Amino acid sequence: MKTVANGVVSHVKGVTGHVSGLNLSYGGLQGILHSNSSLFSLGHLKMLDLSFNDFMGSSIFKFGGFVSMTHLHLTDSHFTGKIPSEISQLSKLVSLELSSYSSRPYEKTTIDMLTMKGIAQNLTSLRVLSLQFVDMSSVVPDSFLNLSSSLTSLWLSFCNLRGKFPETVFHLPNLEELKLFGNTNLTGYTPKSNWSSPLNYLGLSETKISIDLHFLTSSLKSLRYLYLQKCNFAGSRLHLELSDNLTQLMSLDLSGNSFGGQIPWSLLNLEHLHYLDLSSNIFVGLPEIHGNSTKASSTLHDSSKKQLVGGSIPMGLTFLSLYNNLLSGTIPSLVYSLPSLEYLHLGNNEFTGNIKDFQSLSLSYLYLNNNKLHGMIPSSIYGLVKLSDLYIASNNLSGVVKFEKFQNLQSLIHLDLSYNRLTVSFQNFSNYTLPKLSSLHMSGCKITQFPHFLRTSTQLRSLDLSNNQIQGNVPTWVLDVGRNSLSYFNLSHNFLTGTIEQFLWKNIEVVDLSSNLLEGKLPIPSPSTNFFFMWNNQLTGALPSSICNLTSVEVIDLSNNGLSDRIPQCIGNFSQDLSVLDLHMNQFRGKIPSIFPKGNILRNLNIHGNQLEGTLPQSLVNCRKMEVLDLGDNKINDTFPNWLESLPELQVLILRSNRLYGPIGSPETSFPFRKLRIIDLSFNQFGGPLPTKYFQKLVAMKSVQDDELKYMGELYYTDKVTVVMKGLYFELIKIQTMFTTIDFSNNVFTGKIPAVIGELKSLKGLNFSSNKLKGPIPSAFCNLTNMEWLDISSNMLSGEIPWQLADLTSLAKLNLSGNQLVGPIPSGNQFDTFENDSYSGNSGLCGYPLSKTCINDEAPQPPLFDQQDGDLNGFDWKIVWMGYGCGMVIGLSVGYIVLSVGKVDRRVRVMGREIRSRIVRRAKKASVGTRKW
């Protein structure tokens, strides 16, 4: 790599100042270009091209002094700072290219409105203007009103433009290329009349410009490239409406919209079309091919095989993406016979049937993942010698895959066979290699041994062998595979034993060895680690303080091990990126670390089920992003932490089974625990009256959410928590956002149950059992129409059971035993399913199901409803006709019980897939073809 001094300076050394052109593009130059560089002494320069070098840290301000300049090209050379207003005075400019991409905001190039207006008004000979990735947040789009009529190319992608884009730009008489990609706040309209333009390239993807698609495609007859991903279309988007005038079109991207119905192949009868992206829509139909011509005749079919639409298929396609639609039925034979196809993405649809043989050898990228395909992998795939990416995960494919069949695919970079019913054997592949292999994902492939060919995979970035049947110790060479390249490593859910001394990877981001049988001390990976999962093993010993070297870590899950001793004090403040710290079900002792600094983003802290003692650290109040705080089943000795009420995002608070004591008290803020949905204070020594004023303020429990199943957590981690439901302990490895419970049982609360509880309408479960509560059961409980279990047993409650409780048709478990209740038991609905143990220890009660009958049949009669006989035996889960309007709770209740049982759980599958995708996307950088923007 040349330095600037040895590059630019050496090119101009000894010249007299009459150089008119200097082209150093792609020159490998790097370093700072100083203002006193001899380059700026070349006053007669007309053409200067420094594109595609690295002048990181160099200011762009000196380039306004070349008064004779006609062509100034600085594309992707990493100049930073404000574009000087002097550039707008270079009136002879014909081509100005200042585009410069940088992922770091402090290295960006900017332009102000005055300079932009000057460029539009003064540069009357300008034909090419490229300012992509230049920050124009201070520029009003009207600044483009006076652009030169000579302009042929205008590139303004990803410029942070906002406001209404002037329609006059679309009418510029010589404009051939217009790129506005990625300006997500840019509005306006494409022309709706009198649009005659030589445009051959139009990119409006990810803008809010309103597009009349039919008129656009009718008017722009010269279009060759049209990119309208995630756009705003005028009128209905139910059906795709294109004109048949696009005879020159070569590339079409309509992905990420809401086009539905059948794909209108009759309108895509385009002889020159080679790139077609209709992904992430809601299309349901694909064609069946007939004939064998250059434009194959086709007929659209729906899933019932009824003929729908006729048309012709562009057989010159090299790129076809129909990813993430609702396409069903078998994959049409057309797909297998396109002779020039290089990229095919049919993933995330509902295709069924077998994968057929591919006739063309041109395929480099093949994605059939996340469908319902079955049968064996066709032999033709092993003959696609140009294949780079093969993704067929998450189908129903079966059979034995002998890995030696892949030996001819020497260009293979990414291979994913996960989540099928395949059995993969490496028995005869140890002497072969796949030299370009970057990612190998074979989760759930019944693998019994480590693939030895990986020893030579020096470019491997992602390895997933999770959910297999690999036993024994992890060989040392496995922990050294891709030492300098590996980013993702997943061997979770196997039967691995023994100890791991150390991880050797230098650039690892994800380490997952959870759910194995590993023993010994906890090894700590490289500081580059973002996600560290070792839960559900048999690790012992202290948690090394070296874990605080993971300064970039986002998630740590070491739960369900035998780790002991004290938690290092640094654990609360070693990573500004730490979002999840899960240490539950270990044997840690001592105090909870006391330092949680301001500005941290900790979202989930779970240290449930240890032997921690002392008081709660008040620095937890600095965790403003905290959603889940589970400190249950420890030996914490303190009063109720009222100061937690100010945490704006807290949804789950578990303090169960500690040595907490004293009254709860009253709120100290206007909106305490504003998002709290799960609170468990059971098995402590809290006393005094129930906290009525807190109950009045629990806003999140007062509103009933919709029935859509959503879960707490983030993209790479779903929250888990241990709760008591209907008298049983469950570990929920996924927490539904509609799951709402209060458990204050086994304390020494006194006084009455406040009627305000009846306002908490989203409650699923309420447990005040084993306290010293007196008075009646509030009739306001009848408002808790979503409640599925109610336990107020072992108190001193008196009076009658409110007959209105019979209206709670979701109620599946009721325990009123051990009180002083009297009178008749209500009848009807769920009360006809409860057995004696729901009422035992109340000598004054009478009526069904007790043997004691009520005198003179004095039981009050609530309104009658149709009922279904049911049976709920003890705490067992029985099918009962109940729910949100009788019927929903069966599926919903089962939905709560997402237990950590079985070898494969969906939490790991989804989380692993998302993390792997991020790693692979980063490795691939771009897929196929040149940049559209």
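Student: How many contacts beyond four places in sequence does the model have for residues 925–930?

Tutor: Keep in mind that this is a predicted model. Over residues 925–930 the pLDDT stays under 50. Where pLDDT is low, the predicted coordinates should not be read in detail. For contacts beyond four places in sequence, the number for this stretch is five.

Student: And how many does the model have for residues 862–911?

Tutor: Here too, pLDDT stays under 50. Treat residues 862–911 with that in mind when you look at their contacts beyond four places in sequence, which number 115.

Student: What does the pLDDT of the protein average?

Tutor: Of the residues, 84% score at least 70. The average pLDDT for the protein is 85.

Student: What share of the residues is buried?

Tutor: Let's start with the make-up: the protein has seven helices and 67 strands. It exposes about 37,200 Å², with carbon and sulfur atoms supplying 49% of that. Out of 933 residues, the buried share is 56%.

Student: In what order do the strands β29, β31 and β33 sit in their open sheet?

Tutor: These three strands pair in parallel. β29 (374–375) and β33 (421–425) are the edge strands, each pairing on one side only. That leaves the order β29-β31-β33.

Student: Which residue in β33 is the bridge partner of V401?

Tutor: Strand β31 covers residues 396–402, and its parallel pairing with β33 runs over five bridges. For V401, the bridge partner in β33 is V424.

Student: Is I524 buried or exposed?

Tutor: You'll find I524 in the loop between β40 (519–520) and β41 (531–533). Its contacts, leaving aside neighbours within four places in sequence, include F503, F532 and L550. The relative accessibility of I524 is 19%, and the cut-off for buried is under 20%, so I524 counts as buried.

Student: How far apart in space are I524 and L543, C-alpha to C-alpha?

Tutor: In sequence, I524 and L543 are 19 residues apart. Going C-alpha to C-alpha, their separation in space is 9.6 Å.

Student: What is phi of D76 near?

Tutor: Most residues other than glycine have a negative phi. D76 sits in the loop between β5 (71–73) and β6 (81–82), and at 16% relative accessibility it counts as buried. Its phi is positive, near 50 degrees.

Student: Is M585 buried or partly exposed?

Tutor: M585 also has a positive phi, near 55 degrees. Look for M585 in the loop between β45 (580–582) and β46 (587–591). With a relative accessibility of 38%, M585 counts as partly exposed.

Student: Which two residues does the cis peptide bond with an omega of about 10 degrees join?

Tutor: Most peptide bonds are trans. The bond joins Y848 and P849.

Definitions and conventions
Residues are numbered from 1 along each chain as its sequence is written. This is a predicted model: local features need pLDDT of at least 70, side-chain atom pairs count only at pLDDT 80 or more; totals for chains, interfaces and linings use all residues. Side-chain values use heavy atoms; hydrogens and water are left out. Two strands pair if DSSP finds at least two bridges between them. Helices (H or I, at least four residues) and strands (E, at least two) are DSSP runs, numbered from the N terminus. pLDDT is the predictor's confidence in each residue, from 0 to 100. Contact means heavy atoms within 4.5 Å. Buried means under 20% relative accessible area, exposed over 50%, partly exposed in between (1.4 Å probe, protein chains only). Accessible areas come from the Shrake-Rupley method with a 1.4 Å probe; for residues, only the protein chains shown count as cover.
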